[in-house]
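Please consult the sequence and the structure shown here.

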Amino acid sequence: MILIVDSGSTKTDWIAISDEGKQLFQTQTLGLNPAVLSSEIINERIINNFELYQNRDKVSHVYFYGAGCGTPKPSLMLKEVFESYFKNA
């Protein structure tokens, strides 16, 4: 499963796509801007979403498009959060 993530500072839209290219689900969380939020807050916002929690072991790739990733440090922090939560990504 692939997750396509479009995030700003206030909200984040998630779309899950199967390996065959079919949309599995859409969901939304609060914003995940790594330039202004800690890894703990970002992780909590992901964990609190039922669809993401229920499907976390099925995710093979995460494509994140969002605010706060213009410099290496926040981008790396967000990557580490995703890798720890989505174990197969």
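Through how many residues does a hairpin join S1 to S2? The hairpin that joins S1 to S2 runs through three residues.

## Basis of the model

This is a predicted model, in which local features need pLDDT of at least 70 and side-chain atom pairs count only at pLDDT 80 or more, while totals for chains, interfaces and linings use all residues. Residues are numbered from 1 along each chain as its sequence is written, and side-chain values use heavy atoms, without hydrogens and water.

## The sheet

Four strands form an open sheet in the order S3-S2-S1-S4, with mixed pairing. S3 (23-30) and S4 are the edge strands; each has a single partner strand, so one side of each lacks a neighbour in the sheet. From one strand to the next, the twist averages 15°, an angle between N-to-C directions (0 to 180 degrees) of lines fitted to C-alpha atoms. Strands are DSSP runs (E, at least two residues), numbered from the N terminus, and two strands pair if DSSP finds at least two bridges between them.

## Strand S1 and its partners

S1 (residues 2-7) has Leu-3, Val-5 and Ser-7 on a covered face, whereas Ile-2, Ile-4 and Asp-6 are on an uncovered one. S1 and S2 (residues 11-17) run antiparallel, joined by six bridges. Within S2, Thr-12 is the bridge partner of Ser-7, and Ala-16 is that of Leu-3.

With S4, S1 pairs in the parallel sense over six bridges. His-61 in S4 stands opposite Ile-2.

## Tyr-63

Tyr-63 lies in S4 (residues 61-66). Tyr-63 has a relative accessible area of 39% and is therefore partly exposed, a class between buried (under 20%) and exposed (over 50%), with a 1.4 Å probe and protein chains only.
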